[in-house]
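Open the model and keep the sequence beside it.

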Amino acid sequence: MRTPPEPRTTRTDRTASTPPASPTSRTTRMALTALLAAAALAVTAVGCGSAAEEAGGGSPAGDGGGGGGGVTVTHLKGSTTLKAPAKKVVALEWTYAEDLLALGVSPAGVADVEGYGQWVTGGPRFGTGVRDVGTRQAPSLETIKALKPDLIITSRVRSEANYAQLDKIAPTLMFDPYSTDSEYEEMRATLKTIGTAVGRPEAADTALKDLDAKIGAAKRKLDAAKKGGTEVTVARGYTTDGAAVVEVLTGSTIPGGLLPRLGLRNAWQGQADAYGMSKVDIEGLKPVEKSSLVYVAARNDDVFAGSLPKNALWRNLDFAKNDRVHALDPGTWFFGGPYSTAQVADEIADALTS
């Protein structure tokens, strides 16, 4: 099984990562997502918003109704009914831990708390009572069980193999943030689903409105600096086996979804892998050299400022020759929830206007 996009520095720092395998068919997963979305729409009543957001809600379960009654939500494994909105929640993916914080819920447990603190810097921090339940790739079932959660939230890429074990501990919601051609819309829909599951649908709506307001403010900043319509390439880089690796984000990713909302254009039109990125060499960046390059890299492994400028091919790229290569905050997480997404928008706007 592939691991999803990991924070990467040097080889010795990547102990949680494994070599990629063949990507799952994006077309097949899009078909599955469409079926699940249709099922969710049949039971969801929400206000205005995108079709993806409407598919991400839930419904009162049976005689629960409002006032703390039961809820039913739809996810990758079908529908799950909770007797009451969840109060004690374990998140095995950073995205969903961030979602809980955006909903005003302090998770009982999170996978790799320390890693979250280093790589996901948008939004509030965890309280001292949040328990670390192990790595995201191999969480401790014993630790999770000891917390006695009433809900577990995980991702397909992390927990497909042990979903049944997790679901025996507590009702488990599974999502796939890389399953569609718009990870941005999927992020919004999943936040609404989690909001329903924890009894805070209004908080989900508020978080999304806040996100939209921040995106709007970033767009106005770009417009004021006459940067509207700028072609942008979004990338991340790290070192593997002594060689620089560059991954460019396509339109299906969260940054790719943000660019048009900021009045910008994504210069990169390359083929996406299962996570919406394209791995390229220096020559592969030639088609986008007239754009502005914005990137994320670890402070101790910034290949864009370190090894790449030593290469003559890199130095001859137009964005390198004309100072249009911009580092974003290393803690800008391209694969997160509403706080991280707002941070991506702010960082891009700041980079292009500074």
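The model shown here is predicted. Start with the whole chain. The protein has 354 residues, and 55% of them count as buried. Its secondary structure comprises 13 helices and 14 strands. Contacts also reach across the sequence. Among those with a separation of 6 or more, 64% join residues 24 or more positions apart. The accessible surface comes to about 15,000 Å². Carbon and sulfur atoms hold 52% of that area.

Now turn to the charges. Side chains of opposite charge can pair when their charged atoms come close. The structure holds 14 salt bridges.

Begin at Arg136. Its salt bridge partner is Glu93, and the closest N and O atoms are 3.0 Å apart. What does this pair tie together? Arg136 sits in the loop between β6 (131-132) and α5 (141-147), while Glu93 sits in the loop between β4 (89-91) and α3 (94-102), so the bridge connects parts 43 residues apart in sequence. Are the two residues buried or exposed? Both Arg136 and Glu93 are buried.

The next pair is Asp205 with Lys192. Here the closest N and O atoms of the salt bridge are 2.6 Å apart. This bridge runs between two helices: Asp205 belongs to α9 (residues 201-224) and Lys192 to α8 (residues 183-197), 13 residues apart. The cover on the two partners can be read from their accessibilities. Lys192 has a relative accessibility of 9%, so it counts as buried. Asp205 has 33%, which puts it in the partly exposed class.

Lys221 forms a salt bridge with Asp350, with the closest N and O atoms 2.3 Å apart. Lys221 lies in α9 and Asp350 in α13 (residues 338-353), and the two are 129 residues apart. Asp350 is partly exposed, at a relative accessible area of 33%. Lys221 is partly exposed too, at 39%.

Lys77, Arg156 and Glu160 are linked in a network of salt bridges. Look next at Arg158, in helix α6 (residues 156-159). At 5% relative accessibility, Arg158 counts as buried, because the cut-off for buried is under 20%. Its side chain makes a polar contact of 2.9 Å with the side chain of Gln137.

End at helix α10 (residues 254-261). Why call this helix largely enclosed? Of its 8 residues, 6 are buried, so the rest of the structure largely encloses it. The buried residues are Ile254, Pro255, Gly256, Gly257, Leu258 and Leu259. Which elements cover them? The cover includes helices α8, α9 and α13. It also includes the strands β9 (231-240), β10 (243-249) and β11 (265-266).

Just after the helix comes Gly263, with a positive phi of about 80 degrees.

Conventions
Residues are numbered from 1 along each chain as its sequence is written. This is a predicted model: local features need pLDDT of at least 70, side-chain atom pairs count only at pLDDT 80 or more; totals for chains, interfaces and linings use all residues. Side-chain values use heavy atoms; hydrogens and water are left out. A salt bridge is a side-chain nitrogen of Lys or Arg within 4 Å of a carboxyl oxygen of Asp or Glu. Helices (H or I, at least four residues) and strands (E, at least two) are DSSP runs, numbered from the N terminus. Buried means under 20% relative accessible area, exposed over 50%, partly exposed in between (1.4 Å probe, protein chains only). Contact means heavy atoms within 4.5 Å. Accessible areas come from the Shrake-Rupley method with a 1.4 Å probe; for residues, only the protein chains shown count as cover. A polar contact is a pair of N or O atoms within 3.5 Å; within protein, one must be able to donate a hydrogen and the other to accept it, and residues adjacent in sequence count only if both atoms are side-chain atoms.
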